[in-house]
Amino acid sequence: MTGSSVPFTVPSFAGEVPDAVVKVLDSGWVTTGPQTAGFEQDFADYLGAAQVVAVASCTAALELCLRAMELPPGSAVLTPSLTFCGAINAILHAGHRPVLVDIDEDTLVPSPETVAAAAARVAPAAMIVQNQGGYPVDVAALTEAAGLDRTRVIEDAAHGPGAARDGATVGSSSFAACFSFYATKNMPIGEGGAVASSDQDFADRVRAMRLHGMSKDSWKRYMPGGSWRYDVRSVGLKANMTDIQASIGRAQLSALPEWQRRRGELVARYDASLLGSPGLVVPQRDLEGIQHAWHLYQVRVQERDAMIAELEKAGVSTSVHFIPANQMTAYREILGEDECAAVPVTDRVGEELLSLPLYPGLSDELQDRVVGAFTEALRARG
Ligand SMILES: *Cc1c(COP(=O)(O)O)cnc(C)c1O
């Protein structure tokens, strides 16, 4: 191996972040307060969303949305099996039953057909859809296929900021879209999440439930003229965002468009070097009306596990999105073998998925090292 190794991901931070954090530390108010409110407004403006509620994580956002829908306990909730475990845990923690949906092999997300097939097994009360890798799913088509009202569909948009379908930004018109500001995501804060909603009542319920279900948060109670009195109207979570996180988020947001541009540029460079390589399959993503968020550069290869080891040896770290939920021990125990056998395309394609390094701080030079090591590993397989 020559030269430095290439990490799978490195978070970028805008130059304004340190000053923004120090200001909050000096202000005397560090938890949910004016910065959080400001970040919610800024992120709503970025998305074009009516309402944004900032929370502790995307996983918490998913659980809060499910709870705010007030479904009967034990409801069937459709979810792709090719997703992050946090999304499955959110359904279980909210007291419901995940029902696994298979993917369409070309796009790596559920199709109306796979959703309809899962909905025929069990009458679903709600559904989570996911913008795998940054691909904006057709929420309306999947909602119709599930036979659900739009007020029962949650978008897991952890990979989604920057994506759009037919000119509509992901989250701009959703009833409930959940975003992540985890360290590896397109707009890292470190930890954090948000719910975007077109519905004021729903957003207000999520807002109360992110802080124990209290009728007034402590910022409002401690402000001049605020009252010590509050009520608990629903049993909420402790899942609020702090003003420290929010101040980082506000600074990060101004850099996001440039980072998205760089992600697109890196994808074009990967495409120019890799597309058409024998043995390589990439998910379909250049469809009409699609603006991808380029969270991941995913490929499908044979002998994936051996390739990961060879790339690691060559100093190139990669990842897998995702190990399907139906293959995880806890979910196999909870859901049972039959349910976990219902997603054959996920099982087959899941063995081939590989994500290459893609982040704004990746230089052309390091990307060329990834391409070199990857094409070498492909060529060795003829
Ligand atoms: C990262 C991720 C999450 C969880 O986000 P957190 O903010 O870490 O809770 C949920 N769903 C998907 C698809 C993710 O990639």
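Domain bounds are taken from an automatic or database domain assignment. The structure is a predicted model, in which local features need pLDDT of at least 70 and side-chain atom pairs count only at pLDDT 80 or more, while totals for chains, interfaces and linings use all residues. Residues are numbered from 1 along each chain as its sequence is written, and side-chain values use heavy atoms, with hydrogens and water left out.

The assignment divides the chain into domain 1 (17–254) and domain 2 (256–379). Their centres, taken over C-alpha atoms, are 25 Å apart. Domain 1 contributes 42 residues to the contact and domain 2 contributes 38 residues (contact: heavy atoms within 4.5 Å). About 3,400 Å² is buried between domain 1 and domain 2, 59% of it on carbon and sulfur atoms (buried area: the accessible area, with a 1.4 Å probe, that two parts lose on being put together, summed over both). Of the area that domain 1 buries against domain 2, 18% is supplied by Asp102, Glu105 and Asn186, more than by any other three residues.

Helices H10 (residues 304–313) and H14 (residues 364–379) have axes that come within 10 Å and cross at roughly 140° (helices: DSSP runs of H or I, at least four residues, numbered from the N terminus; axes: lines fitted to C-alpha atoms over the stretch in contact, with angles from 0 to 180 degrees between N-to-C directions). Met307, Glu310 and Leu311 in H10 meet Ala373, Phe374, Ala377 and Leu378 in H14. By class, this contact has 6 nonpolar, no polar and 1 charged residues (nonpolar: Ala, Val, Leu, Ile, Met, Phe, Trp, Tyr, Cys and Pro; charged: Asp, Glu, Lys and Arg; polar: the others, Gly among them).

Notes: Helices (H or I, at least four residues) and strands (E, at least two) are DSSP runs, numbered from the N terminus.
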